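Dear colleague,

I am passing on the structure we talked about, so that you can look at it alongside these notes.

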Amino acid sequence: MSTVPDPEPRVPKPSLIFDDPLDQQSSDDTDRGWGERPGADSAADLKRFLDEKPPHHL
């Protein structure tokens, strides 16, 4: 009968994070978070406006 050594015990990862969430940048803090698209021109802006216009604004 061969004996296999026990694997090293795992250190459990903390399940709760107590960092301050205000220290991290959110997607709303960037231009991309507000729907800005890099390299968009006025024609692309108009197309996006017409594509996303609600039906009651026709």
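Leu 46, Phe 49 and Leu 50 together make a nonpolar surface patch of about 320 Å², and Leu 46 is found in helix H1. Please bear in mind throughout that this is a predicted model, and that the values given here are computed from it.

As for the overall picture, the chain has 1 helix and 0 strands, and of its 58 residues 0% count as buried. The accessible surface of the chain comes to about 6,500 Å², and 56% of that surface belongs to carbon and sulfur atoms.

Turning to the charged side chains, the structure holds 2 salt bridges. In one of them the side chains of Lys 47 and Asp 51 meet, with a distance of 2.8 Å from N to O. Both Lys 47 and Asp 51 lie in helix H1, which covers residues 42-51, and they are 4 residues apart, about one turn of the helix. Lys 47 counts as exposed because its relative accessibility is 52%, where the cut-off for exposed is over 50%, and Asp 51 counts as exposed as well, at 54%.

Arg 48 forms a salt bridge with Glu 52, and the closest N and O atoms of this pair are 3.3 Å apart. Here Arg 48, at 28% relative accessibility, counts as partly exposed, because that class lies between under 20% for buried and over 50% for exposed, whereas Glu 52 reaches 51% and therefore counts as exposed.

Definitions and conventions
Residues are numbered from 1 along each chain as its sequence is written. This is a predicted model: local features need pLDDT of at least 70, side-chain atom pairs count only at pLDDT 80 or more; totals for chains, interfaces and linings use all residues. Side-chain values use heavy atoms; hydrogens and water are left out. A salt bridge is a side-chain nitrogen of Lys or Arg within 4 Å of a carboxyl oxygen of Asp or Glu. Helices (H or I, at least four residues) and strands (E, at least two) are DSSP runs, numbered from the N terminus. Buried means under 20% relative accessible area, exposed over 50%, partly exposed in between (1.4 Å probe, protein chains only). Patches are made of residues with over 30% relative accessible area and no salt bridge: like charges are joined within 9 Å, nonpolar side chains (Val, Leu, Ile, Met, Phe, Trp, Tyr) within 5 Å. Accessible areas come from the Shrake-Rupley method with a 1.4 Å probe; for residues, only the protein chains shown count as cover.
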